[in-house]
Amino acid sequence: MSKLSEYIAQIEGKNHTPAIDPESIDINGAYVSDMLSDVMGSAKPGQAWITIMKHLNVIAVASMTGIPAIIFAKGNTPDEAVCDKALEEGICLISSNLDTFRLSGILYRVLHP
Amino acid sequence: MAEYWYIAEGFENRVQEYLADNGDSEVDMMFTVPEKDFNTAGKGSSEVKNLLKRLGVDSEVLRRIAVASYEAEINVAAHSHGGVMHSAVYDDHIHIRFEDEGPGIADIEQAMIPGFSTADELARELGFGAGLGLPNIKKNSDAMHIVSEKGSSTLVEFIIFFS
């Protein structure tokens, strides 16, 4: 278990939902996929989701699955409607310029020092 | 019409009992799911999830209901000419039915195979169309029932017990 805030610092992430404090979110792992049904079928509650998908359905998928934070790779940034929906659902949205491989590797190191 | 039934091991009696005499539900909700509207799809699941959360349903059970329901709504939007979602909440379980306006499933057994998909380009661009929708509904349900045939409407329904 690790604080989302610690991970954000390491990936130089930007929080697109500043009303949600990453200090208050614990991450116990991650699921990496761009197929939404794959995420709903295999991601576990409490995991971060690392993806390049950034449309509105992504928020619904995270909400149904119990994912507290989405990490957008390669500089993908969600638009305002997506951020608003995420705020409503209490899901923290983070973007980073790093690719999914590096984002996963860094999170793995944070969780398993 | 072709028919498919799945009942999770250990739930045979509870499901049969419910189907024999399903009594009165405590809360009924109805939502429409328009064709190819991926933003409206999910609203019903979201409302059902919020209601069950208020009723104090266990979070893991809630997650299973939300995922199965959202997958089914997305299926209606992606594959049919639109349909309705009807949710009935009982004291110890939920029964959600999705009925659409066709064009039906040509081969239900094939549609149940993980990875088999007939999703179009639009659904795939959004990251749907992995061929996991129906398998995910089955995986999260205690009972699942499909009635369909090519050229006809489709009924997908599932039952999930709260404990």
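Q: Against which elements do the buried residues of H6(B) pack?
A: Helices (H or I, at least four residues) and strands (E, at least two) are DSSP runs numbered from the N terminus. A residue is called buried if 20 or more other C-beta atoms lie within 10 Å of its own, exposed if 12 or fewer, and partly exposed in between, with the C-beta atoms placed from the backbone. The buried residues of H6(B) pack against H2 of chain A together with, in chain B, H3, helix H4 (108-111), strand S5 (143-148) and strand S6 (155-161).

Q: What pLDDT do local features need?
A: Residues are numbered from 1 along each chain as its sequence is written, while chains are lettered from A and ligands numbered from 1 in the order in which they are written. This is a predicted model, in which totals for chains, interfaces and linings use all residues, side-chain atom pairs count only at pLDDT 80 or more, and local features need a pLDDT of at least 70.

Q: Within what arc do the buried residues of H6(B) fall?
A: Helix H6 of chain B covers residues 133-140, and its buried residues are B:Gly133, B:Leu134, B:Asn136, B:Ile137 and B:Asn140. Seen down the axis of H6(B), with the arc taken over the directions from the helix axis to the C-beta atoms, these residues line one face of the helix, because they fall within an arc of 160°.

Q: How many residues of chain B are in contact with chain A?
A: Two residues are in contact if their C-beta atoms, placed from the backbone, lie within 7 Å. By that criterion, 16 residues of chain A touch chain B, and their partners in chain B number 17.

Q: Which helices of chain A each supply at least two residues of the side that touches chain B?
A: The side of chain A that touches chain B divides into eight nonpolar, six polar and two charged residues. Here Ala, Val, Leu, Ile, Met, Phe, Trp, Tyr, Cys and Pro count as nonpolar, Asp, Glu, Lys and Arg as charged, and the others, Gly among them, as polar. The helices that each supply at least two of this side's residues are helix H2 (36-42) and helix H3 (56-65).

Q: At what angle do H3(A) and H3(B) pack?
A: In this contact, A:Ala60, A:Met64 and A:Thr65 meet B:Arg63, B:Ala66, B:Val67 and B:Tyr70, and these residues divide into five nonpolar, one polar and one charged. Axes are lines fitted to C-alpha atoms, for helices over the stretch in contact, and angles run from 0 to 180 degrees between N-to-C directions. The axes of H3(A) and H3(B), the latter covering residues 59-79, lie 8 Å apart, and the helices pack at an angle of about 150°.

Q: Which strands stand at the edges of the chain A sheet?
A: Two strands pair if DSSP finds at least two bridges between them, and chain A has an open sheet of five strands in the order S2-S7-S6-S5-S4, with mixed pairing. One side of each edge strand is left without a neighbour in the sheet, because each has a single partner strand; these are strand S2 (14-15) and strand S4 (30-32).

Q: Which residue stands opposite A:Thr51 in S6(A)?
A: Strand S5 (residues 48-51) and strand S6 (residues 69-72) of chain A pair in the parallel sense over four bridges, and A:Ile50 has A:Ile71 as its bridge partner. From S6(A), A:Ala69 and A:Ile71 point one way and A:Ile70 and A:Phe72 the other, all of them buried. The residue opposite A:Thr51 is A:Phe72.

Q: What is the average twist from one strand to the next in the chain B sheet?
A: Chain B comes to six helices and six strands, and an open sheet of six strands has the order S1-S5-S6-S4-S3-S2 with antiparallel pairing. Strand S1 (2-7) and strand S2 (27-33) stand at its edges, each with a single partner strand. From one strand to the next, the twist averages 10°.

Q: What is the radius of gyration of chain B?
A: Buried residues make up 37% of the 163 residues in chain B, and its C-alpha trace spans about 40 × 30 × 25 Å along its principal axes. The radius is taken over C-alpha atoms, and the globule rule is 2.2 Å times the number of residues to the power 0.38. With 163 residues, a compact globule would have a radius near 15 Å, and chain B agrees with this at 15 Å.
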